[in-house]
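Subject: Structure for your records

Hello,

Here is the structure I said I would pass on. My notes follow below it.

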Amino acid sequence: MKKWVIRLGVVLLAICIAVYIWLGEEMKQGFRPAANGTTPYMIVLGAKVKTNGIPSLSLKNRLEEAVKYLNKYPHVKVIVSGGQGADEDRTEASVMFKYLQDKGIDTNRILVEDQSTSTYENLLFSKELLPKRTKKITILSNDFHLQRAKYLAESLGFEVDVVAAKTPKSVEIKLNLRERAALLKTYIIGY
């Protein structure tokens, strides 16, 4: 084998490793700034819903954090955002609404966005539910997802603070790998 092929392979491997590390550091930036109740609207981003309207572990963690935050800051209104995937028997937003309602959150505080199929659409369609001049929002999602969500929200003109939900250990590696690819795509394409 030619030496230049080996050298090229080593260079490409080094670039891949460097990009992987850089994206991991970028994802850590998603945790800031932490929300403190000063923003009147929070968007909880949807995630997988299992059969019979059971939230996935990722979504359940998001909803548990939402309940804590909404109880701590009773003036905050929440948009539950998520449509229905091909493998879901109902919308993510409907499951989120019911969960929050069952946990005692006043339904007058909950707005429903149930058409989105991506993080970008979560934010774009939720924007339509906000008062026209709203610039500041809180985003709640799993920790691995926040940097991309913030980036997309800022591209739509928002100033963002965040609430981070834990990522379930059982899917942490898979989701962190997938999110690196999604974040790189977002940085390159813009959405």
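Leaving aside its neighbours within four places in sequence, which residues is Leu-140 in contact with? They are Met-42, Ile-43, Val-44, Leu-45, Arg-62, Glu-65, Ala-66, Val-163 and Ala-165, where contact means heavy atoms within 4.5 Å.

This is a predicted model, in which local features need pLDDT of at least 70, side-chain atom pairs count only at pLDDT 80 or more, and totals for chains, interfaces and linings use all residues. Residues are numbered from 1 along each chain as its sequence is written, and side-chain values use heavy atoms, with hydrogens and water left out.

Helices (H or I, at least four residues) and strands (E, at least two) are DSSP runs, numbered from the N terminus.

Strand 4 (residues 77–81) and strand 5 (residues 110–113) run parallel and are joined by four bridges; strands pair if DSSP finds at least two bridges between them. Val-80 has Val-112 as its bridge partner in strand 5.

Arg-148 is in helix 5 (residues 146–155). Arg-148 counts as buried because its relative accessibility is 15%, and buried means under 20% relative accessible area (1.4 Å probe, protein chains only).

Regards

Terms used: Buried means under 20% relative accessible area, exposed over 50%, partly exposed in between (1.4 Å probe, protein chains only).
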